[in-house]
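Take a look at the sequence and the fold below.

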Amino acid sequence: MPAVRSIRRFKPYGVGRALRNLALGFLLFAGTAAQASPPTLVAFGDSLTAGYGLPPEDGFVPQLQAWLAERGAEVTVQNAGVSGDTTAGALARIDWTLSAPVDAMIITLGGNDLLRGIPPEEARGNLDAILTKAAEKGIPVLVVPMAAPGNYGADYKTAFDSIYPELAAKHGALLAEPFLAPILALPDRQQALADYIQPDGLHPNARGVALVVDALGPKVLELLARAE
């Protein structure tokens with residue numbers, strides 16, 4: 001009988017210890033898996049972000065993902081671009097975009113506001129609200145401007161172009177050069193448009209996107225450093 005009592009005492013103890021070890025191992029595994037998950041970078045914008053007119057693999061987000069991977073940056077870049085979106089449309093969907101975990105965000109908006117001649121103060125208010133929502137969640141942001149053309153007059157251009165640096169400073173966001181600047185800054189403007197812009201005259205082709213990503217990439221790495 002003493003041996004039986006000993007076995008009965010030992011068996012529950014052994015099972016309990018095994019279960020505790022199993023639970024501890026699971027928690028350690030889950031914690032390691034969570035730590036290993038790459039951060040999420042959301043590219044929030046319009047057709048320039050969405051990759052309008054391009055095969056999926058040639059769009060801005062896939063090319064940026066590849067550029068970052070080549071430089072050892074472990075990150076998941078999510079495409080939150082909607083073709084035709086204005087700053088007002090983007091504001092209407094920002095809460096839904098930020099409802100999932102987001103570690104950093106690139107904002108490229110304003111092109112469709114320019115095409116529609118929307119007053120700069122309206123675009124400013126919408127972008128200000130978007131940046132405020134990102135700041136409330138502690139999400140670092142890289143602002144990528146759009147440069148206004150001169151056909152609306154000098155006052156409009158001055159008012160619109162000033163939106164981006166002023167809001168970036170207000171919200172402590174990083175500021176890049178305008179999205180299409182690497183293409184438009186080439187010496188021969190007409191040749192650049194022929195070589196790097198789609199026939200619509202508005203959106204970069206695959207080669208043009210590559211130029212944009214090469215120029216923007218270092219700023220994105222700086223953004224990711226802020227998200228760590």
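Predicted model: local features only at pLDDT ≥ 70, side-chain atom pairs only at ≥ 80, totals over all residues.

Residues are numbered from 1 along each chain as its sequence is written, and side-chain values use heavy atoms, with hydrogens and water left out.

The protein has 11 helices and five strands. These are DSSP runs numbered from the N terminus (helices: H or I, at least four residues; strands: E, at least two). Of its 228 residues, 41% count as buried, meaning under 20% relative accessible area with a 1.4 Å probe, protein chains only.

Now find helix α6, residues 120–136. Its 17 residues reach 24 Å from first C-alpha to last. That is close to the 24 Å expected, which is 1.5 Å times one less than the number of residues. Which residues of α6 are buried? They are Pro120, Ala123, Asn126, Leu127, Asp128, Ile130, Leu131 and Ala134. An α-helix has 3.6 residues a turn, so residues three or four places apart point the same way. Just after α6, Gly138 takes a positive phi of about 70°.

Next comes helix α8, residues 163–171. α6 and α8 pack at an angle of about 25°, with their axes 10 Å apart; axes are lines fitted to C-alpha atoms over the stretch in contact, and angles run from 0 to 180 degrees between N-to-C directions. That makes α6 roughly parallel to α8, because angles under 35 degrees count as such. Among the α6 residues that meet α8 are Leu127 and Leu131. On the α8 side, Ile163 and Leu167 are included. Contact means heavy atoms within 4.5 Å.

Definitions and conventions. Buried < 20%, exposed > 50% of the residue type's maximum accessible area, 1.4 Å probe, protein only. Parallel < 35°, antiparallel > 145°, perpendicular 65-115°, else oblique.
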